[in-house]
Amino acid sequence: MSEHIVSPKVYFAIFAALMIGTTLTVWAAFQNFGKFNIVIALSIATVKATLVVLYFMHARYSPKRTQLVIVCSVFWLAIMLALTLTDYDTRSHEMQPGVSRLDRPAAPYSFTA
Amino acid sequence: MHRTGDLYEQFQTLEQQKETATLGMWVFLVTEVLFFGGMFLAYTINRSAFSTAFGIGSNTLDIKLGAGNTVVLIMSSLTMAMAVWSAQVGKKQLVSIFLIATLGLGTVFLGVKAVEYKQKFDHHLVPGHGFDMTYHPTHPMPGDDPKELALEKKEVEEALAHDPDINFHGQLYFSLYFGMTGLHALHMIIGAGLLVWLIKGSFAGRFTPQYNTPVEIVGLYWHFVDIVWIFLFPLLYLIDRHR
């Protein structure tokens, strides 16, 4: 069989990287980076997830068609997130930041552009 | 279905059989990505609308338990990967040892989760009739840090001034918290069941360098569940920690 066997050395290196990533996320959460706190947290999480997919899940050594399926999942997720969020972002409706439920207009579903 | 040894008749080689099984598992994992993706989407929309309530809700979670559980889960991913390696190089005894370690770490994770859920019930932070974010700061439990509690009290009061409906919007945060971590825990329980099945197989010496597809496939599932937690941890536990 010609399958690629990932050596324990690589697994332990990835494990160490994931531990560093976890420490970094917790540390970054206690710093005030303003709007960038969430960007930093998600970037670290994405790097960690990518390491898990590439090495623990052997995606790096998988056949091309398996890699295509993996890329597709990210692509379809991006479509779902992007189209839904653009819809929410471009409407002005009852979900306004910091607006009290009691202060909202009487007709809750009247969308005002 | 007819098979010769471990090879089913529709495949030419064991390698082709394994590649097919792996591809099938990945297709299932794509559906899982979109399934959890929907929950992350609901989370994103509600968090952007009710950021105060989400921040205050997040700060009530125990960061030590959350971070500790993250370490436990990543360790279980390592032992799972090592179980796959042991099967690939034909170390039958190590396969069993690493699978048992993975199951053990998974169980620890679920145990800690249960402790966290219990705390939320005690603190009246479960969505529904008794939900009250002002309850815990005014009703100290044994073992609470008074300094921490005073801080929480101040935070809830400030939040109330900013968002008088904090108890409505806080329930959104905790609904998502229980929904997302609950579904994640359900996946862990299913994974633990699969591990028990694998451990049985490994005791029977079923997994060899030629045939270890079940270990590999369950491994993929287990790592996927790990990835979901890698995103859940910062999104649920680490909102507004710096304030």
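Helix 2 (residues 51-59) and helix 6 (residues 146-162) of chain B, in this predicted model, pack with their axes 10 Å apart at an angle of about 165°. Helix 2 of chain B is therefore roughly antiparallel to helix 6 of chain B, the term for angles over 145 degrees. Axes are lines fitted to C-alpha atoms, for helices over the stretch in contact, and angles run from 0 to 180 degrees between N-to-C directions. Helices (H or I, at least four residues) and strands (E, at least two) are DSSP runs numbered from the N terminus.

Conventions
- Residues are numbered from 1 along each chain as its sequence is written, and chains are lettered from A and ligands numbered from 1 in the order in which they are written.
- Local features need pLDDT of at least 70 and side-chain atom pairs count only at pLDDT 80 or more, while totals for chains, interfaces and linings use all residues.

Helix 2 against helix 6, chain B
- The crossing of helix 2 of chain B with helix 6 of chain B is left-handed, meaning that the near helix is turned anticlockwise from the far one by less than a right angle.
- On the helix 2 side of chain B, B:Thr52, B:Ile56 and B:Asn59 take part, and they meet B:Glu155, B:Val156, B:Ala159 and B:His162 of helix 6; residues are in contact if their C-beta atoms, placed from the backbone, lie within 7 Å.
- By class, this contact of helix 2 with helix 6 of chain B has three nonpolar, three polar and one charged residues.
- Ala, Val, Leu, Ile, Met, Phe, Trp, Tyr, Cys and Pro count as nonpolar, Asp, Glu, Lys and Arg as charged, and the others, Gly among them, as polar.

Helix 3, chain B
- The axes of helix 3 (residues 63-88) and helix 4 (residues 92-122) of chain B come within 8 Å and cross at roughly 160°, so helix 3 of chain B and helix 4 of chain B are roughly antiparallel to each other.
- Their crossing is left-handed, and the contact of helix 3 with helix 4 of chain B divides into 18 nonpolar, seven polar and one charged residues.
- The 26 residues of helix 3 of chain B should span 38 Å at 1.5 Å a residue, and its end C-alpha atoms are 38 Å apart, which agrees; the expected span is 1.5 Å times one less than the number of residues.
- After helix 3 of chain B comes B:Gly90, with a positive phi near 80°.
- B:Lys64 lies in helix 3 of chain B and counts as exposed because it has 9 C-beta neighbours inside 10 Å.
- C-alpha to C-alpha, B:Lys64 is 9.9 Å from B:Tyr237, although the two are 173 residues apart in sequence.

Helix 7, chain B
- Helix 7 (residues 166-203) of chain B has 38 residues and reaches 54 Å from its first C-alpha to its last, close to the expected 56 Å.
- Just after helix 7 of chain B, B:Gly205 has a positive phi of about 70°.

Chain B overall
- Chain B has eight helices and two strands, in the sequence order β-β-α-α-α-α-α-α-α-α.
- The C-alpha trace of chain B spans about 70 × 35 × 30 Å along its principal axes.
- Of the 243 residues in chain B, 38% are buried (20 or more other C-beta atoms within 10 Å of a residue's own; exposed is 12 or fewer, and partly exposed is in between).
- Among contacts in chain B between residues at least 6 apart in sequence, 75% join residues at least 24 apart.

Contact between chains A and B
- Chain A and chain B give 44 residues each to the contact.
- Helix 1 (8-29), helix 2 (36-56) and helix 3 (64-89) of chain A are the elements that give two or more residues to the side of chain A that touches chain B.
- Helix 3 of chain A gives the most to this side, with 13 residues.
- The side of chain A that touches chain B has 29 nonpolar, 11 polar and four charged residues.

Terms used
Contact = placed C-beta atoms within 7 Å. Parallel < 35°, antiparallel > 145°, perpendicular 65-115°, else oblique.
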